[in-house]
Amino acid sequence: MPEPQTPRPSSRQPGPAARLLFPLALGLTLAMGLASLFVGVSSVSPGLLWAEGGTGPATEVLLTSRLPRTLALALAGTGLALAGLVLQVLVRNRFVEPSTVGTTESASLGILLVMLLAPGLPVPARMAVAAGFGLAGTGLFLLVLRRVPQRSPLMVPLIGLLLSGVIGAVTTFIAYRTDMLQSLGAWSTGDFSIVLQGRYELLWIVAGLTLVTAVFADQITLAGLGRDMAIGLGVNHGAIRALGLVLVALLSAAVIVTVGIVPFLGLVVPNVVSLIMGDNLRRTLPVVCLSGAALVMACDIVGRLVVRPYEMPIGLTMGIVGSAAFLWLLTRRRGHGA
Amino acid sequence: MIEVEGVERRYDGLAVLSEVTLSLPRGGLTAIIGPNGAGKSTLLSVMGRLQKPDAGRVTLEGMDLAQASGRLVARKLALLRQDNHTAARLTVRDLVAFGRYPHSRGNPGPEDHAQVARALAILGLEPLADRFLDQLSGGQRQRAHIAMVLAQDTECILLDEPLNNLDISHAVRIITLVREAAQALGKTVVVVLHDINMAAAHCDRIVVMKGGRILRHGPPAELMQAEFLSAVYETPISVHELAGRLVAVY
């Protein structure tokens, strides 16, 4: 029997804040994108580019390094935020994202096995294997979840983190025995400094997956209302759930294969957007994608500036920002029944 | 019309429904009553295709629910479960608008908007339309879900304890509304109720269940008998005529 709740004074109608969020996210994304093009060790500026008139070192840096890096950041941010959003809606829990349910760790295990057993595999095939492992890991998580009584919404990410730990331990063990520990660490820590023209293009798959998610936005929202409601409204609950989990696995795998693991993003962005705008995917999807892109770009720019001329990997900056935000959300979302 | 033919349903070998056969003609309000564990909610779930029967079948206008497409059924049959613990942060308006999903498939037209506005008005939800569900009281949330079912505008409506969490004024308003839908618009409405007197006063038919079986069904006047009800609920119940109504006192 739900107790009558008094509405919280701090969160009323989805008022002006919700309406302003889209232009704000769009503006931030564009601003961060521009900043990302012009921040770095070698100087690239609009004036310099103009003076070079289309050919020269600054133009070269822009086209082979800065532009690919910025696009990679935007696509990875979009993909991770989207993966977190879809997972949260389908699992019906606020505290899950690919790295807290075993998707990320399983995908990493897949990549390690590819490096050991079929090192010559082209990148798209590597991504497919990672996605397959990621999907299997998520499936395992859901199976475990079904068997454990859930008294608190916090149990769900706890189980996921335990499972991730176990899978991560297996990966580390294999890497240790095969002398791959160092390279495992090197590629699994999210890092955009390695992105150059010709080495990130696989991430464009994120754009395609975003479109697919947008097409099914209503059905995913309805699946998030629970099986009974979804069936009552004529949605094939099982099929949409399966589609959503495949999307999450593909999105995660695409990002891990190209730039490595970027933690917390999928948790923080959808949660903040949900607090302000609610959970109607059709409305929140563009904002979640843009905010994800903007946050990843912002963290990367900070990483480029703090220890100039060196760089801090994004995994570190995002880890700091993200874990702080996660703690804030834990205390904030209690009242919303998670 | 809805036909339940020889439906059986077991959980872990325990029969929750046995040999349930029921034929409900088109139009009219039917209440399912009975003690806890009688199988009322399970029967409603099976009729609403949320659970598959282990034997037997349910047909809606001759269409077998087990085989019909989910989309098609959603345009003809709406149902509301008892526990609406929606974790999603949707506004009331969005939730009610999703009731149109089987018709609009995400592209609402003027007819869809009109139905949503009508449902919001009928349940007095206009002032709350832009609130999130998690900011409402239990009763307000219940009304929002009923509005969603109304907006779905189906011939057949199944409601599991729709009066839960509601105060007297809203309970009476909703049962009256449901009765009007059944009588004026010819909809087939089935409600699970705990309040025998509510069922007797407003419903055209009562189905009495116990131990996974249908004991009797018929018009309220036939079933409002002290001896029968006392046996069903294993509690002394007397029936009196009061202000032209049969009232059970317990």
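Just after helix α10 of chain B, B:E234 takes a positive phi of about 50°. That is a handy place to start a walk through this predicted model, where local features need pLDDT of at least 70, side-chain atom pairs count only at pLDDT 80 or more, and totals for chains, interfaces and linings use all residues. Residues are numbered from 1 along each chain as its sequence is written, chains are lettered from A and ligands numbered from 1 in the order in which they are written, and side-chain values use heavy atoms, with hydrogens and water left out.

A quick word on names: helices (H or I, at least four residues) and strands (E, at least two) are DSSP runs, numbered from the N terminus.

**Around α10 of chain B**

Helix α10(B) spans residues 226–233, and B:F228, B:L229, B:S230 and B:V232 in it are buried. Buried here means under 20% relative accessible area, with exposed over 50% and partly exposed in between (1.4 Å probe, protein chains only). What do the buried residues of α10(B) pack against? Their partners in chain B are α8 (196–202), β9 (205–210), β10 (213–218), α9 (220–223), β11 (238–242) and β12 (245–249). Packing and contact rest on heavy atoms within 4.5 Å.

**The six-stranded sheet**

Strands count as paired if DSSP finds at least two bridges between them.

**The four-stranded sheet**

Chain B has an open sheet of four strands as well, in the order β2-β1-β4-β5 with antiparallel pairing. Its edge strands are β2 (14–24) and β5 (63–64), each pairing on one side only. Strands β1(B) (residues 2–11) and β4(B) (residues 55–60) share five antiparallel bridges, and B:E8 stands opposite B:A55 in β4(B). Next along, β4(B) and β5(B) pair in the antiparallel sense over two bridges, with B:M63 as the bridge partner of B:L60. These two strands form a hairpin with two residues between them, and B:E61 in the turn has a positive phi of about 50°.

**Helix pairs in chain A**

Two packed helices are described by the angle between their axes and the distance between the axes.

| Helix pair | Axes come within | Crossing angle |
|---|---|---|
| α4(A) (103–117) and α11(A) (237–259) | 10 Å | roughly 55° |
| α12(A) (265–277) and α13(A) (281–306) | 9 Å | roughly 135° |

Angles under 35 degrees count as roughly parallel, over 145 as roughly antiparallel, 65 to 115 as roughly perpendicular and the rest as oblique. So α4(A) and α11(A) are oblique to each other, and α12(A) is oblique to α13(A).

The α4(A) and α11(A) contact includes A:T103, A:A107 and A:I111 of α4(A), and A:V248, A:S252 and A:I256 of α11(A). In the other pair, the meeting residues include A:L265, A:V269 and A:M277 in α12(A), and A:T284, A:V288 and A:L295 in α13(A).

**Where the chains touch, and the cysteines**

Leaving aside neighbours within four places in sequence, A:Q219 is in contact with A:V235, A:I240, B:Y101 and B:R105.

Finally, a search of the whole structure finds zero disulfides over all chains, a disulfide being a pair of cysteine sulfur atoms within 2.5 Å. For A:C289, the nearest cysteine sulfur is that of A:C299, 17 Å away. A:C289 counts as buried at 9% relative accessibility. For B:C203, the nearest cysteine sulfur is that of B:C156, 14 Å away, and B:C203 is buried at 7% relative accessibility.

Terms used: Axes fitted to C-alpha atoms, helices over the stretch in contact; angles between N-to-C directions.
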